[in-house]
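Subject: Structure handover

Hello,

Please find the structure below, followed by notes on what was found in it.

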Amino acid sequence: MRKKIIAGNWKMNKTLSEGLSLASEVVNIANDEVPADVSVVLCTPAIHLAQVSAIVKDSETVSLGAQNVSEHESGAYTGDISADMVKSVGASFVIIGHSERREYHFETNAQLAARVKLALDKGLTPIFCCGESLETREAGEHVDFVNNQLKESLFDLSAEEMSKVVIAYEPIWAIGTGITASSDQAQEMHKSIRTSLAGNFGAEVADGISILYGGSMKPDNAQELLAQPDVDGGLIGGASLKSRDFIAIAKSY
Ligand code: PGA
C-alpha cells in the first residue's frame, strides 16, 4: 500500500503569527477529520519551522517539512539551510526541486541529485518535484522531459534510497494559474513516471512510491484527481493557505 500524502506548500506566505494560527487550525481539524490512512504535511517557510514544529509534534496526522535544503553539509553558504538544521527542528520532509526554485534560482538536476542524497542520508524524506512547461507539453515532449529530470536527479540512488523518496508531478503551466491538469493528463504522467521508476529500480520499488500531483489542486477538483490509480496525494500551494480548503482536499480521498 502506498502512503497517501497531502502536503501544503505555503511558499513565501504568512507572517509567523499568521503561520502559527494556520498550523494550529490545520492540526485541530486534521486530528478529528482526516482519515487515518492520509498523512498531512505542512511545508512552511524555514523561519517558521521551529515554532510550527511545537504545534504539530503531538499530532499523529500532521507532520512538518521544509521547502528547500542545501546540498552542502555545513559551512560558508550564507542564507542557506542544511539538512541537519531541518532535521534538528523536528521536520521530517523537505521539498526539493520545486519549479520556482529551478526557475528563479537556477537549480540544476545535478544539484538536486546531491540534495536528495544528502537529505536521505540525514533521515529526511525528500518530496522531489518534476514537471514540464507549457511549451514543452505543446511540443509533445513532456514525458521525455520529466523522465530526464528523474534520470538526472534520482537514478543514481540505490533502490532502498529511492523507496524513501516521494515524487510530486507539478506541470508548471498548472501552478498558481487556476488551470489544473485533467485527471487523464495527471494519470498519464504519473503512470509514465512509475513505469520509468520500475525500469530503473524494479517494479516493487516503483509500486511503493507515492507520486503526488501539484498544480491548482482545490477542494472542487481534488476528488477526481485523487481517484486516479497512480495519484497518491497532492502538493498544494494556494489552497493550503486556508485551513478549511486544505483539509477538504485531504478529506477527498
Ligand atoms: P498551487 O501550487 O496549488 O498554488 O498551484 C502548487 C505548488 O507549486 O506546489
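A polar contact here is a pair of N or O atoms within 3.5 Å. Please keep in mind that this is a predicted model.

An oxygen atom of the ligand lies 2.7 Å from a polar backbone atom of glycine 176. Taken alone, the ligand exposes 280 Å², and the protein buries 95% of that. Two side chains also belong in this part of the picture. In lysine 11, a side-chain N or O atom is 2.7 Å from an oxygen atom of the ligand. For glutamate 170, the distance from a ligand oxygen atom to an N or O atom of the side chain is 2.7 Å. There are 13 residues around the ligand, and those that come nearest are Lys11, His98, Glu170, Gly176 and Ser216.

Next, a loop residue. Glutamate 107 sits in the loop that runs between α4 (99–104) and α5 (109–121). Is glutamate 107 buried or exposed? Its relative accessibility is 6%, and buried means under 20%, so glutamate 107 counts as buried. The side chain of glutamate 107 makes a polar contact, at 2.8 Å, with the side chain of arginine 115. With neighbours within four places in sequence left aside, the residues in contact with glutamate 107 are Asn68, Gly97, Arg101, Arg102, Leu112 and Arg115.

Helix α7 covers residues 142–154, which makes 13 residues. From its first C-alpha to its last, α7 reaches 18 Å, close to the 18 Å expected at 1.5 Å a residue. Which residues of α7 are buried? They are His142, Val146, Gln149, Leu150, Ser153 and Leu154. Seen down the axis of α7, these buried residues fall within an arc of 95°, so they line one face of the helix. Asp144 and Lys151, on the other side of α7, are exposed. As background, an α-helix has 3.6 residues a turn, so residues three or four places apart point the same way.

Helix α2 (residues 49–56) has Leu49, Val52, Ser53 and Val56 as its buried residues. Viewed down the axis of α2, they fall within an arc of 115°, so these residues line one face of the helix. What covers the buried residues of α2? The cover includes α1 (16–33), β2 (38–43) and β3 (62–66).

Regards

Terms used: Residues are numbered from 1 along each chain as its sequence is written. This is a predicted model: local features need pLDDT of at least 70, side-chain atom pairs count only at pLDDT 80 or more; totals for chains, interfaces and linings use all residues. Side-chain values use heavy atoms; hydrogens and water are left out. Helices (H or I, at least four residues) and strands (E, at least two) are DSSP runs, numbered from the N terminus. The expected span of a helix is 1.5 Å times one less than its number of residues. Buried means under 20% relative accessible area, exposed over 50%, partly exposed in between (1.4 Å probe, protein chains only). The arc is that of the directions from the helix axis to the C-beta atoms. A polar contact is a pair of N or O atoms within 3.5 Å; within protein, one must be able to donate a hydrogen and the other to accept it, and residues adjacent in sequence count only if both atoms are side-chain atoms. Contact means heavy atoms within 4.5 Å. A residue is near a molecule or strand if one of its heavy atoms lies within 4 Å of it. Accessible areas come from the Shrake-Rupley method with a 1.4 Å probe; for residues, only the protein chains shown count as cover.
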